[in-house]
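This report describes how two protein chains meet in a model. Please look at the sequence and structure shown below before reading on.

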Protein chains: 2
Amino acid sequence: MVVAEIRIELKQGVADPEGQNTKKALELLGFKGIKNVKSIKVFDIELDADAAEAKKAGEEMCRKLLANPVIQKFSVQIK
Amino acid sequence: MVVAEIRIELKQGVADPEGQNTKKALELLGFKGIKNVKSIKVFDIELDADAAEAKKAGEEMCRKLLANPVIQKFSVQIK
């Protein structure tokens with residue numbers, strides 16, 4: 001049993017309104033020195049497979065369902 | 001300049017409908033052996049601070065805005 005950590009983030013240059021609004025809200029609360037906030041989605045998928053199979057399955061899941069290849073990139077890490 | 005990676009996930013025992021629906025959708029697409037899917041939110045916050053300050057600020061941000069302590073737990077990692 002392994003856990004595939006799938007990390008989906010926006011590609012460079014794609015607007016991140018959630019991140020920008022979070023940055024604004026943090027600044028309104030008085031936090032200083034924030035240069036950028038990036039919002040990222042992670043799925044921890046527990047799989048009954050070995051590490052190599054899990055990595056392959058995780059990448060396939062991103063391509064078929066989890067990520068939008070037009071604006072997002074993904075990475076799969078096995079834990 | 002450091003990046004504080006803030007990871008916000010549901011506490012043990014709290015229902016995760018996003019994760020459960022993702023699991024169902026993946027199974028409908030034919031993926032086998034999925035035991036569990038956990039949905040997690042991550043913010044990468046670029047801060048003009050040293051590592052110790054950034055960790056403290058990140059935890060404060062979670063307490064004040066980013067996390068809901070009733071159902072979520074958070075961790076801050078400096079990269």
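## Strands within chain A

Strand β1 (residues 2-10) of chain A pairs with β2(A) in the antiparallel sense over eight bridges. Two strands are said to pair if DSSP finds at least two bridges between them. Helices (H or I, at least four residues) and strands (E, at least two) are DSSP runs, numbered from the N terminus. Within this pairing, A:Glu5 has A:Asp44 as its bridge partner in β2(A).

This is a predicted model, in which local features need pLDDT of at least 70 and side-chain atom pairs count only at pLDDT 80 or more, whereas totals for chains, interfaces and linings use all residues. Residues are numbered from 1 along each chain as its sequence is written, chains are lettered from A and ligands numbered from 1 in the order in which they are written, and side-chain values use heavy atoms, with hydrogens and water left out.

## Strands across the two chains

Strand β2 (residues 34-47) of chain A also pairs with β2(B), in the antiparallel sense and over 13 bridges. In this pairing, A:Val42 stands opposite B:Ile40.

## The contact surface

Chain B and chain A each bring 33 residues to the contact, where contact means heavy atoms within 4.5 Å. The area buried between them is about 2,800 Å², and carbon and sulfur atoms give 64% of it. Buried area is the accessible area (1.4 Å probe) that two parts lose on being put together, summed over both. B:Phe31, B:Lys35 and B:Asp44 supply 17% of the area that chain B buries against chain A, more than any other three residues.

## Salt bridges and contributing elements

A salt bridge is a side-chain nitrogen of Lys or Arg within 4 Å of a carboxyl oxygen of Asp or Glu. One salt bridge is formed by B:Lys35 with A:Asp48, whose closest N and O atoms are 3.9 Å apart.

On the side of chain B that touches chain A, the elements giving two or more residues are β1 (2-10), α1 (17-28), β2 (34-47) and α2 (51-66) of chain B. Of these, β2(B) gives the most, with 14 residues.

## Symmetry

Chain B can be laid on chain A with an RMSD of 0.0 Å by a turn of 180 degrees and a shift of 0.0 Å along the axis. The two copies are thus related as by a two-fold rotation axis. For this comparison, copies are superposed by least squares on the C-alpha atoms of residues with pLDDT of at least 70 in both. B:Lys41 comes closest to the rotation axis among the residues of chain B, at 2.6 Å (C-alpha).
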